[in-house]
Amino acid sequence: MKPIVTWIVLANTREAKVVVHHGIGKGLRPESSAAWQAAPAIENADRAGTGHSIGGPGVSAVDQGDPQAHANGIFAKEIAKNLAATRSKGKFDRLVICAAPLMLGLLRKELSDPVRKAIISEIDKDFSDLSIDQLESQLAKVMAV
């Protein structure tokens, strides 16, 4: 009988990694092929642009947006794309996402349907700095480790 493989994604806006669980009593181990780093946010080189009004002598500033928010969105898309590719290869059966609240929200928007169907739990906390032992004790609340 094939063991049920559970991937636990640990993510924040700067990094994401995966820890694998191969069944009850087998513990957790890092998945070296699934770790990602966010690209740094690129600050705008110029000041905000201006636009002229067609209706008369008026000038208004054009908002350039938030470079960090843009970088966070791109990083969430990258994680979601990698999870979808890995799911299609059958490398995991179930998924637990542990992410800082901001990243969890961004990931929810980007995940494909097959990946969403594999999710058994979402935890809105950043566990990326925890040791394996600490992580096991936190995950014991949502799954048998």
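Mentor: Start with the surface: the protein has an accessible surface of about 8,700 Å², and 54% of that belongs to carbon and sulfur atoms. Keep in mind that this is a predicted model.
Trainee: How much of the protein counts as buried?
Mentor: Of its 145 residues, 36% are buried.
Trainee: And how many helices and strands are there?
Mentor: There are 4 helices and 7 strands. In sequence order the pattern reads β-β-β-β-β-α-β-α-α-β-α.
Trainee: Back to the inside. Which residues have the most contacts in the largest nonpolar core?
Mentor: Trp-7, Trp-36, Leu-83, Leu-95, Ile-97 and Met-103, in a core of 27 residues. Strands 1, 2, 3 and 6 each supply at least two of the core's residues, and so do helices 1, 2 and 3.
Trainee: Which element gives the largest share?
Mentor: Helix 1, with 5 residues.
Trainee: What does Leu-83 touch?
Mentor: Leaving out residues up to four places away in sequence, Leu-83 touches Trp-7, Val-9, Trp-36, Phe-92, Leu-95, Leu-111 and Val-115.
Trainee: What lies apart from that core?
Mentor: Another core, of 11 residues, including Val-19, Ile-123, Phe-127 and Leu-139.
Trainee: Last topic. What share of the contacts joins residues at least 24 apart?
Mentor: Counting contacts between residues at least 6 apart in sequence, 59% join residues at least 24 apart.

How values were computed. Residues numbered from 1 in each chain as written. Predicted model: local features only at pLDDT ≥ 70, side-chain atom pairs only at ≥ 80, totals over all residues. Heavy atoms only, no water. Buried < 20%, exposed > 50% of the residue type's maximum accessible area, 1.4 Å probe, protein only. Contact = heavy atoms within 4.5 Å. Areas by Shrake-Rupley, 256 points an atom, 1.4 Å probe, with all protein chains shown as cover. Core = buried A, V, L, I, M, F, W, Y, C linked by side-chain atoms within 4.5 Å.
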